[in-house]
Amino acid sequence: MRVIGRIRGYATVVRRARRHRGDLVGWLGRRPQIGVATAGYETALLFSNKLDPRLKELAELKTAGLVACQFCLDIGSALAHTSGLSERQITDLPRYRTSDAYSELEKLVIAFAEAMTVTPAVDIDELRADLLTHLTKAQLIELAATIAWENQRARLNQGLGVQPTGMADGLACAMPERPHTP
């Protein structure tokens, strides 16, 4: 059932695109092998649904904000709305540690996304152990794969100059942020 909800969410969000609609597809069309591989991984993540999609959206948005990918923040903010995240959860990402908009698990997920995104990766072992008190190993691998893929996605989009399409126009949107220094 989660897959159907996520597919509907993606369809809703993609229909909202108003500008730069062909940027990413245009680039991937120049190297069909990379386009097919990208579509394959995106599909695998879409159909991997042991983990609550809201947690995936939080992790992706935090990652996109740290990498400062405008396209990813645009689509990610719109998807976050369709998955049921509140406006406050979307806008409080830079200050998640002190915000009461998140549960303990949500804060751990966001911290894990942050730890996997900063270079060098920091505090992963302790966060992994803490997450495993809330999640199964199957859910953790889904979370880690989602964060790693968002890092790849965001950096590819930035490298190619993929522009935001306006999918989150009129909605609360996550913003680029500086990585937290421990």
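Predicted model: local features only at pLDDT ≥ 70, side-chain atom pairs only at ≥ 80, totals over all residues.
Residues are numbered from 1 along each chain as its sequence is written, and side-chain values use heavy atoms, without hydrogens or water. Local features require pLDDT of at least 70 and side-chain atom pairs pLDDT 80 or more, whereas totals for chains, interfaces and linings use all residues.

Helices are DSSP runs (H or I, at least four residues) numbered from the N terminus. The 24 residues of helix 9 (residues 137–160) should span 34 Å at 1.5 Å a residue, and the end C-alpha atoms are 34 Å apart, in agreement; the expected span is 1.5 Å times one less than the number of residues. Gly161, with a positive phi near 75 degrees, follows helix 9.

Helix 3 (residues 32–47) packs on helix 9 at about 150 degrees, the axes being 11 Å apart; axes are lines fitted to C-alpha atoms over the stretch in contact, and angles run from 0 to 180 degrees between N-to-C directions. Contact (heavy atoms within 4.5 Å) involves Thr38, Tyr41, Glu42 and Leu45 of helix 3 and Ala145, Thr146, Trp149 and Arg153 of helix 9.

The largest pocket holds about 860 Å³ of space. A pocket is an open set of points on a 1 Å grid over the protein atoms alone, where a 1.4 Å probe fits, with protein on both sides within 12 Å along at least five of seven lines; lining residues have an atom within 4 Å of a point. Its volume is the space filled by probe spheres set on the points, which are joined across faces, edges and corners. Of the 37 lining residues, Tyr10, Leu24, Glu42, Phe71 and Ile75 lie nearest the centre of the largest pocket. Helix 3 contributes the most to this lining, with seven residues.

Conventions. Helix = DSSP H or I, 4+ residues; strand = E, 2+ residues; numbered from the N terminus.
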